[in-house]
Amino acid sequence: MLGGGFGGVFAARHLRHAAADVVLLDRGPSHLFQPLLYQVATGLLSEGQISTPLRSMFRRQRNVEVLLGEATDLDAERKIVVASRPHGSTFEIPYDYLVVAVGMRQSYFGHDEFSKVAPGMKTLGDALAIRRRVFGAFEMAESVPKEERGPWLTFAVTGAGPTGVELAGQIRELATRTLAREFRTIDPNEARVMLFDGVDSPLAPFGPRLSGKAASRLTKLGVELHMGVFVTDIDHDGLQTKGKDGTVERHAAKTVLWTAGVQAVPFVETLATALGVEQDRGGRVTVNPDLTVPGHPEVWVVGDIMALDGMPGVAEVALQGGVHAAAQIRRQIKGRPKGQERFKYRDVGSAAYICRFHALVQIRHIQLSGFLGWLTWGVIHLGFLSGLRNRVGVGQSWFLALLRGRRRERGLLYGDPRGLQDSFAD
Ligand SMILES: Cc1cc2nc3c(=O)[nH]c(=O)nc-3n(C[C@H](O)[C@H](O)[C@H](O)COP(=O)(O)OP(=O)(O)OC[C@H]3O[C@@H](n4cnc5c(N)ncnc54)[C@H](O)[C@@H]3O)c2cc1C
């Protein structure tokens with residue numbers, strides 16, 4: 001299994017009773033629950049509450065060996081994956097069956113230079129970088145002369161999908177509830193949060209009704225919506241946008257965050273070349289209906305990096321894909337006929353958090369918003385988190401934040417001077 005995200009972990013788990021030696025390789029030590037990254041970024045949750053060490057997850061499943069390393073090459077003839085250790089040397093992993101679920105990374109649509117100024121939101125490192133910048137910006141605003149405060153108290157978020165909306169909403173809540181009484185010279189309530197996207201409304205895939213509700217709730221919260229515009233440049237002092245009518249605008253903001261697009265991690269291109277298969281525009285690998293790679297019945301590609309029938313890049317697709325691949329492997333180990341068993345995705349819906357007591361949930365024809373949507377969102381997310389301890393911890397942090405606006409996870413700013421420099425370096 002390459003990748004310890006939803007696809008890899010669920011594939012490994014479902015080989016629990018199989019006569020198989022499973023190697024689970026990941027470049028990081030933990031399984032990360034990406035849907036709550038934005039809450040780490042805004043000081044509500046700790047990094048430990050949304051990540052579980054893979055070793056601890058599989059401590060009782062004796063047929064799984066967890067290895068830390070990054071897959072860098074593939075020899076399809078010899079059936080060997082080459083991986084590099086964190087300190088540089090390489091090692092080989094031979095396989096009979098291979099499940100690849102290495103996920104996506106942030107895409108800056110050909111402007112990788114933006115990543116130096118505007119962190120994305122895909123890894124724990126990203127969330128911590130955002131946390132440093134956001135809390136650091138309030139600190140800077142408190143200490144700089146009054147006339148320089150404006151850009152430090154202005155936050156720009158690009159991408160009005162669930163992650164951008166959640167991040168923008170959380171920064172406003174942070175400013176108006178958590179930080180409201182903590183400063184002496186600035187009023188955090190004055191923090192401006194701007195949300196940019198080329199589409200005409202936030203959370204557009206939820207349909208016009210829910211998207212409209214999201215727009216009005218965000219506006220009430222104080223988020224400034226800049227829809228139908230494209231971000232054309234970003235630097236340390238702000239960003240430039242171009243409207244559909246060609247109007248160019250400049251917005252001063254010391255904190256710019258990027259959630260606008262995704263593309264496959266670099267290993268996927270190596271994989272596609274080695275297996276001689278096609279990739280789509282986002283770098284996803286086109287797979288057979290049973291999730292195997294054309295011409296390679298021993299290789300399954302699952303999760304965000306698979307391209308099949310326009311399935312979305314969501315946790316459930318990855319999780320069900322991993323289980324599907326494992327079921328096929330189990331069959332083959334038992335010597336049952338291969339059969340071209342189609343992957344049937346059971347759509348369990350999607351959800352997006354907007355602010356306290358407001359979330360959108362769409363489960364087939366059922367659309368929920370407001371308080372009911374928020375309750376459903378909470379239950380779904382707690383259910384998906386791995387480990388009882390994380391669930392209890394997250395539940396408790398949510399309760400304290402709801403009750404008193406508390407956000408305790410802000411230690412990094414004070415304990416890591418390097419982080420502060422990173423945030424404000426030119
Ligand atoms: C901010 C954010 C919010 C989201 N919110 C939601 C949501 O609310 N609902 C929802 O359903 N989905 C959500 N998603 C999407 C969901 O998290 C993904 O669809 C899901 O994680 C995909 O699982 P995966 O196994 O394909 O990949 P991932 O979970 O991304 O896992 C890939 C793993 O592969 C590892 N890896 C990468 N390259 C290599 C390599 N070369 N060698 C070894 N290991 C490697 C990575 O370290 C990672 O652990 C969100 C995603 C993000 C980023």
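Student: Where does the ligand lie relative to domain 1 and domain 2?
Tutor: Keep in mind that this is a predicted model. Domain 1 covers 6–27 + 69–103 + 265–333, and domain 2 covers 107–262 + 356–424. Both domains give residues to the shell around the ligand, so the ligand lies between them.

Student: Which residues come nearest to the ligand?
Tutor: There are 34 residues around the ligand. Helix H6 (162–178) and helix H9 (315–333) are among the elements that each supply at least two residues of that shell, and so is strand E1 (22–26). The nearest residues are Gly3, Gly5, Gly103, Gly303 and Val314.

Student: How many residues of that shell are nonpolar, polar and charged?
Tutor: Sort the shell around the ligand by residue type. Six are charged and eleven are polar, while the nonpolar ones number 17.

Student: What radius of gyration does the chain have, and why does that fit a compact globule?
Tutor: The C-alpha atoms fill a box of roughly 70 × 50 × 50 Å along the principal axes. For 426 residues, a compact globule would have a radius of gyration near 22 Å. The chain agrees with that, because its own value is 22 Å.

Student: What share of the residues counts as buried?
Tutor: A residue is buried here if 20 or more other C-beta atoms lie within 10 Å of its own. Of the 426 residues in the chain, the buried share is 45%.

Methods:
Residues numbered from 1 in each chain as written. Predicted model: local features only at pLDDT ≥ 70, side-chain atom pairs only at ≥ 80, totals over all residues. Domains from an automatic or database assignment. Rg over C-alpha atoms; globule rule 2.2 N^0.38 Å. Buried ≥ 20, exposed ≤ 12 C-beta atoms within 10 Å, placed from the backbone. Near = placed C-beta within 6 Å. Helix = DSSP H or I, 4+ residues; strand = E, 2+ residues; numbered from the N terminus. Nonpolar A, V, L, I, M, F, W, Y, C, P; charged D, E, K, R; others polar.
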